[in-house]
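Subject: Structure handover

Hello,

Here is the structure for you to look through. My notes come after it.

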Amino acid sequence: MFSKFTSILQHAVEALAPSLPLQEDFVYHWKAITHYYIETSDDKAPVTDTNIPSHLEQMLDILVQEENERESGETGPCMEYLLHHKILETLYTLGKADCPPGMKQQVLAFYTKLLGRIQQPLLPHINVHRPVQKLIRLCGEVLATPTENEEIQFLCIVCAKLKQDPYLVNFFLENKLKAMASKESTNVITEDMLKGQESLAADTGQPIQPEEIPGAAGAEQMEKEDDLPQQADDLSFSLDELNVASSPESSTVCPNQDYNLVNSLLNLTKSPDGRIAVKACEGLMLLVSLPEPAAAKCLTQSTCLCELLTDRLATLYKALPQSLDPLDIETVEAINWGLDSYSHKEDASAFPGKRALISFLSWFDYCDQLIKEAQKTAAVAMAKAVRERFFVDVMEPQLMQTSEIGILTSTALLHRIVRQVTSDVLLQEVVYFVLGEHREPETLTDINRHPLRHRLIEHCDHISDEISIMTLRMFEHLLQKPNEHILYNLVLRNLEERNYIEYKPLCQEDKDVVENGQIAGAIDLEEDPLFTDLSPDNTLSAQEWLSASPPVSPDHPKNDGKTEVHKIVNSFLCLVPDEAKSSYHVEGTGYDTYLRDAHRQFRDYCVICLRWEWPGSPRSLEKCNLEASFFEGHFLKVLFERMGRILDQPYDVNLQVTSVLSKLSLFPHPHIHEYLLDPYVNLASGCRSLFSVIVRVVGDLMVRIQRIPDFTPKLLLVRKRLLGLEPEGPIIDHMTLLEGVIVLEEFCKELAAIAFVKYHASSTP
């Protein structure tokens with residue numbers, strides 16, 4: 001009570017006293033603080049019962065006022081006094097001793113406000129960055145302390161200053177050659193020390209050196225060691241504290257540097273206070289983005305950042321229930337790493353494990369954003385750590401297991417990760433994890449080169465339809481990611497040599513035929529027995545093609561070596577026989593409905609693939625190794641086999657298989673276009689293409705149609721039910737076959753639209 005009365009009385013005196021010059025006023029407040037330690041005998045009273053907080057605030061206000069009154073960049077006498085008399089050093093010592101109790105909070109707040117409110121650069125001064133370094137080491141030592149809030153605010157203002165001037169980070173990469181010394185005891189603040197500082201400052205006006213302060217042997221030792229800073233025990237973060245084993249990368253750390261700013265932030269990310277943890281994550285985000293190579297190297301080699309990211313990912317993943325509904329994993333709201341607060345009571349769509357799932361996806365999102373913002377070498381190191389320590393060590397065994405429930409849950413989580421990842425560097429590691437790094441053509445015997453890739457492709461044709469659909473969806477989203485290796489590894493590497501083509505050097509007679517607008521060896525589908533029953537509804541009229549096809553120009557003659565696009569389009573449209581078609585009975589389901597979607601999707605794919613510098617035309621056959629045996633690759637092999645069973649598979653499986661194949665067909669690579677979309681390509685013996693697979697399906701369909709009475713009415717009824725135009729009624733015989741026929745018809749229309757859009761795009765000058 002008495003101290004509060006003294007404080008009020010002092011404020012009244014200061015208000016009535018004549019204003020002093022700023023420097024005198026500044027010195028007065030500093031001396032008032034030092035007098036407290038000289039005169040007080042009760043060092044147990046909390047600092048809030050003293051005038052110290054008020055004096056510190058007054059000193060700060062004076063420094064701000066002085067800066068405002070001077071030209072930009074000019075240092076005033078008060079700031080000079082603070083720097084030369086090492087006031088920050090003294091405050092650090094008082095804060096470390098926490099004398100009186102609560103002093104550490106006051107010192108942290110003073111440092112934070114000083115760095116935040118003073119505009120001129122302070123950190124380059126040795127008498128600023130040195131005590132700042134020391135104070136950083138005190139942060140995060142103990143979690144859930146009363147000073148946590150002040151600690152994180154102080155660390156974040158330092159991070160913000162480094163973001164403004166990245167070169168300053170080199171002051172915080174500390175040499176630790178002398179870090180093996182034992183931890184010194186807390187400096188004792190004695191009356192003699194403060195009396196000596198006060199008298200020397202008053203008599204000489206010279207800077208006070210800590211070694212000149214009587215009784216400050218501890219401070220002197222600390223000051224000397226700061227040239228090659230600091231005690232090993234002052235390092236606030238260690239592998240032992242994380243309770244994790246050293247990774248190969250942490251066993252080769254640079255032995256001569258500490259990055260205590262990162263270490264303190266890492267400790268605070270484990271705070272039980274979510275707000276503190278999020279602020280610590282924000283601070284790390286600022287630090288990893290600094291462009292200084294030395295800082296990036298120290299960040300990944302001399303701190304536990306990579307271990308923290310990966311171990312927390314692993315812990316959160318293992319906390320998930322063994323079984324989660326794939327729909328819940330897919331539809332859980334978009335996760336933002338800083339906003340993962342969740343209340344089970346307030347959630348109408350809660351499900352078991354939702355809290356754990358949100359926590360995992362939120363932390364993965366943080367890792368993704370951190371790597372996305374990070375300096376390049378740091379990003380690569382962090383992404384590799386995530387791949388090795390989380391994907392390979394934790395996720396791969398789950399994906400390789402035999403339990404169907406486990407496979408489904410882990411594949412659904414992988415699918416969500418593939419959808420969610422945005423960092424190019426982390427995406428690259430996800431791709432290498434799923435597909436491997438191989439780029440040479442596949443063979444039938446190389447299934448063990450990357451077991452996970454082969455297992456996932458096998459799961460596309462799993463006995464469980466749920467697993468098949470989920471794995472196919474994962475591959476579909478993977479194909480839409482902006483990474484060239486995905487398509488090359490799955491498909492393109494097997495098409496490079498074009499050895500799916502039967503190559504016959506043209507004789508003179510064939511050359512004359514080509515010049516007359518035909519392709520040597522090509523089959524005119526309109527003369528094929530399979531396509532003799534054509535109706536006007538199946539094809540586009542000449543007038544429609546005049547308006548829809550690109551105009552002939554000197555630069556783009558009608559026959560430029562490509563099969564005429566109208567023949568290709570009509571080939572796909574005519575594949576399904578009339579009696580197996582139902583779309584012309586329902587309004588708004590014609591081929592033209594696919595054109596707009598195909599155009600938009602193809603444009604998006606072109607934007608993604610533009611930087612990959614793909615050729616505009618197929619590789620010359622003379623340069624291809626046509627003698628090599630052709631294998632379409634395991635991925636296309638499974639898709640073609642699935643496509644071949646379209647009449648006997650569930651509707652949902654068929655939709656997913658055709659969706660993946662249409663995505664593949666959209667890629668603007670000439671070999672993909674030729675292999676998947678050109679019915680007239682001359683296939684080598686034993687080879688198949690997408691078109692040839694569909695032709696076999698249609699041949700089977702035409703035989704089976706004859707065995708089903710009232711086939712066309714039943715087909716139309718099923719289509720209307722699928723579209724919601726008819727209510728559900730009695731079960732119809734051969735439902736799987738009828739649904740398969742409808743999917744087949746729609747898929748052929750979609751391929752026709754894609755072929756037309758791609759031709760139009762490549763023919764437009």
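Predicted model: local features only at pLDDT ≥ 70, side-chain atom pairs only at ≥ 80, totals over all residues.

Overall figures

The protein has 765 residues, of which 52% count as buried. Its secondary structure comes to 33 helices and 2 strands. Among contacts with a separation of 6 or more, 80% are between residues 24 or more positions apart.

Helix packing

Two packed helices are described by the angle between their axes and the distance between the axes.

On the α2 side, the contact is made by Leu-22, Gln-23, Phe-26, Val-27 and Trp-30. On the α4 side, Pro-77, Cys-78, Tyr-81 and Leu-82 take part. By class, this contact has 8 nonpolar residues and 1 polar residue, with no charged ones.

The pair α8 (148-164) and α13 (residues 274-288) packs at an angle of about 20°, and the axes are 9 Å apart. An angle under 35 degrees counts as roughly parallel, and α8 and α13 are therefore roughly parallel to each other. The crossing of α8 with α13 is left-handed. From α8, the contact draws on Glu-148, Asn-149, Ile-152, Cys-156, Cys-159, Ala-160, Leu-162 and Lys-163. From α13, it draws on Ile-276, Lys-279, Ala-280, Gly-283, Leu-286 and Leu-287. The residues of this contact divide into 9 nonpolar, 2 polar and 3 charged.

The pair α28 (residues 634-644) and α29 (residues 651-666) has axes that come within 10 Å of each other and cross at roughly 135°. The two helices α28 and α29 are therefore oblique to each other. Their crossing is left-handed. Phe-635, Leu-636, Leu-639, Phe-640, Arg-642 and Met-643 form the α28 part of the contact. The α29 part consists of Val-653, Val-657, Thr-658, Val-660, Leu-661 and Leu-664. The class count for the contact of α28 with α29 is 10 nonpolar, 1 polar and 1 charged.

Enclosed helices

How many of the 9 residues of helix α12 are buried? The count for α12 (residues 260-268) is 9 of the 9, so this helix is largely enclosed by the rest of the structure. The buried residues of α12 include Asn-260, Asn-263, Ser-264 and Asn-267. Leu-261, Val-262, Leu-265, Leu-266 and Leu-268 of α12 are buried as well.

In helix α26 (residues 565-573), 8 of the 9 residues are buried, so α26 is also largely enclosed by the rest of the structure. The buried residues of α26 are Val-565, Lys-567, Ile-568, Val-569, Asn-570, Ser-571, Phe-572 and Leu-573.

Backbone and single residues

Most residues other than glycine have a negative phi, and most peptide bonds are trans. The following places depart from that.

The peptide bond joining Cys-99 and Pro-100 is cis, with omega at about -5°. Pro-100 sits in the loop between α5 (87-97) and α6 (103-117).

Lys-86 is not a glycine, yet its phi is positive, near 50°. Lys-86 lies in the loop between α4 and α5. Buried or exposed, what is Lys-86? Lys-86 is buried, with a relative accessible area of 8%.

Glu-613, also not a glycine, has a positive phi of about 55°. Glu-613 is in the loop between α27 (593-609) and α28. With a relative accessible area of 70%, Glu-613 is exposed.

One further loop residue is Cys-139, found between α7 (126-138) and α8. Cys-139 has 0% relative accessibility and so counts as buried. The C-alpha atom of Cys-139 is separated by 7.8 Å from that of Ile-152, which is 13 residues away along the chain. Ile-152 is also one of the α8 residues in the contact with α13.

Regards

Key
Residues numbered from 1 in each chain as written. Heavy atoms only, no water. Contact = heavy atoms within 4.5 Å. Helix = DSSP H or I, 4+ residues; strand = E, 2+ residues; numbered from the N terminus. Nonpolar A, V, L, I, M, F, W, Y, C, P; charged D, E, K, R; others polar. Axes fitted to C-alpha atoms, helices over the stretch in contact; angles between N-to-C directions. Parallel < 35°, antiparallel > 145°, perpendicular 65-115°, else oblique. Left-handed = near helix turned anticlockwise from the far one by under 90°. Buried < 20%, exposed > 50% of the residue type's maximum accessible area, 1.4 Å probe, protein only.
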